[in-house]
Amino acid sequence: MGKHWADETADRLVEQGGDVVISTGISPSGPIHIGNMREVVTADAVYRALKGLGLKPKFYYIADDFDNLRRVYPFLDPGVYEQHVGRPLSRIPGPAGDGRSYADHFLDPFLTSLDTLGIDTELVRLHQLYESGRMTPMIKLALENRDRVAEIIDQMAGRETPDHWSPFTPICNSCGRLTGTRVTGFDSPGETVAYTCGCGDEGEVSMNGGGKLVWRVDWPAKWRVLGVIFEPFGKDHATRGGSYATGERICREIFGHPAPMPLVYEWIRLGGVGDMSSSKGNVVTISEMLEILPPEVLRYLVIRRAPKKTISFDPGMPLLNLINDFDDTEAAGTDERSYQLSALGSVPAVGVPFKHVVTVVQIAGARGDEAVIDILRRGGYDVENEEGIRGRAAYARRWLETYAPETVKFSVQPTLPDAAKDLPAEAVKALGLLAERLEPDLDAEQIHAMLYETAEAAGAQPKVVFRALYLALLGKERGPRAGWFLSTLDTGFLKQRLGEASGQ
């Protein structure tokens, strides 16, 4: 097996020489979902690989809160937000009405999630980068070389920019929008830009926060200002003549800085929905996933797949398999490097398959974690890491409440279910015999053998007996492995319930 993709990338960056500066980011225009997470986790995996080589890389996360609200998204109140379309996200109120900006409303839970995921970045708020004046030299270069910038964009994008086009977009002093203004002149020494606006206003703005560069110029300007030499980004930016190819030329030819080494990644697709989109509303947010998925497993979702491969994510049964895969890696050392780059701290192994935890918490029911640990102990599992088991039990319960399919849900019914009151005669006989034969402290294998012996004695097919057993206890035709399941329940309760089902 070859090197892990993160280590290969780190090696290439080391070969380039010099300080390593990594950048990634997002425009917080809506809920930040796990599809957005691929970029920052990909960057973090390379960051960790570099640190493992003894380097001290910088890692910036750029929140493009200076982007404008493009339209009233389905999750917004049109009566409130129609008036804010075109205004910077950092300068309009958030949906919660709690005093935070629109950008911070969506950014804050994401930043909390980054902490939970163990991702240590230096946050750069784009409106502050502009207001600080650090972007101003790039604005001057872009305006002074307007024709050359337009020529590069025309050549790369295969289109012709209009005569009034400018690489800089002022924010109107009157309506506060970026979308209706046109540049009519600029004063480099004075660091001001003159404009007119579709709302009827005209005036001047400062280059220090009075507007921003258009995307294809803004991106390479940030590379130059922050000294970025590595950045992962989605395949939409990697198309021929797209944002990266254009930015590479602008960065080199206008700003005098080499473009960062790229790492293009595919999307995370949500099972049954497709590519996630905040504007369309088909998302699962990172904070939601961290309620049901350990952070190291969410990292593993991304890190175990090479960036060029699409990740399919389904929070139903495939999520259960994902956690089991991680636990198997933890126990058996398969795909060890992905596990190392995903792990957080030195938490000892839980040692219990997550699928089994899901079953046990349902058997334990209202009895809680103590019953979970007791059931696992009696089942032969090492329960030394009680804290880890309690944590996994909590994730299991939340998964059962949110995304688990009905086929895996069950609960031991407090009274005999109606479905068990009309069983075949041979099944009734088998349950009666089983009630008579059950004794305390029988293990799973002994009970399993007893089930088959009882079925034979009653003249019933084993599958008929198993079905009757589950109906009597769960009200469903299927359930956990029968021998083990019965071994976890109180013998007195079992004898009473099975006796009731058999008419004894």
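**Close-up views of a predicted model**

**View A. T24 touches E39 through its side chain.** The side chains of T24 and E39 make a polar contact at 2.4 Å. A polar contact is a pair of N or O atoms within 3.5 Å; within protein, one must be able to donate a hydrogen and the other to accept it, and residues adjacent in sequence count only if both atoms are side-chain atoms. This is a predicted model: local features need pLDDT of at least 70, side-chain atom pairs count only at pLDDT 80 or more, and totals for chains, interfaces and linings use all residues. Residues are numbered from 1 along each chain as its sequence is written, and side-chain values use heavy atoms, with hydrogens and water left out. T24 sits in strand 1. Its relative accessibility is 2%, so T24 counts as buried. Buried means under 20% relative accessible area, exposed over 50%, and partly exposed in between (1.4 Å probe, protein chains only). Beyond its neighbours within four places in sequence, T24 has contacts that include V40, A43, F59 and E231. Contact means heavy atoms within 4.5 Å.

**View B. Strand 1 runs parallel to strand 2.** Six bridges join strand 1 to strand 2 (residues 58-63). Two strands pair if DSSP finds at least two bridges between them. Helices (H or I, at least four residues) and strands (E, at least two) are DSSP runs, numbered from the N terminus. I26 has A63 in strand 2 as its bridge partner. From strand 1 the chain crosses through helix 2 (residues 34-52) to strand 2, and this β-α-β crossover is right-handed. Right-handed means that, with the strands pointing away from the viewer, the path from the first strand over the helix to the second runs clockwise.

**View C. Three strands form an open sheet in the order 5-6-7.** Their pairing is antiparallel. Strand 5 (181-187) and strand 7 (202-206) are at the edges with a single partner strand each, so one side of each has no neighbour in the sheet. Strand 5 and strand 6 (residues 192-197) share six bridges. R182 stands opposite T196 in strand 6.

**View D. R91 and E131 form a salt bridge.** Their closest N and O atoms are 3.6 Å apart. R91 lies in the loop between helix 3 (78-81) and helix 4 (102-116), and E131 in helix 5 (residues 126-131), so the pair ties together parts that are 40 residues apart in sequence. A salt bridge is a side-chain nitrogen of Lys or Arg within 4 Å of a carboxyl oxygen of Asp or Glu. The structure holds 30 salt bridges.
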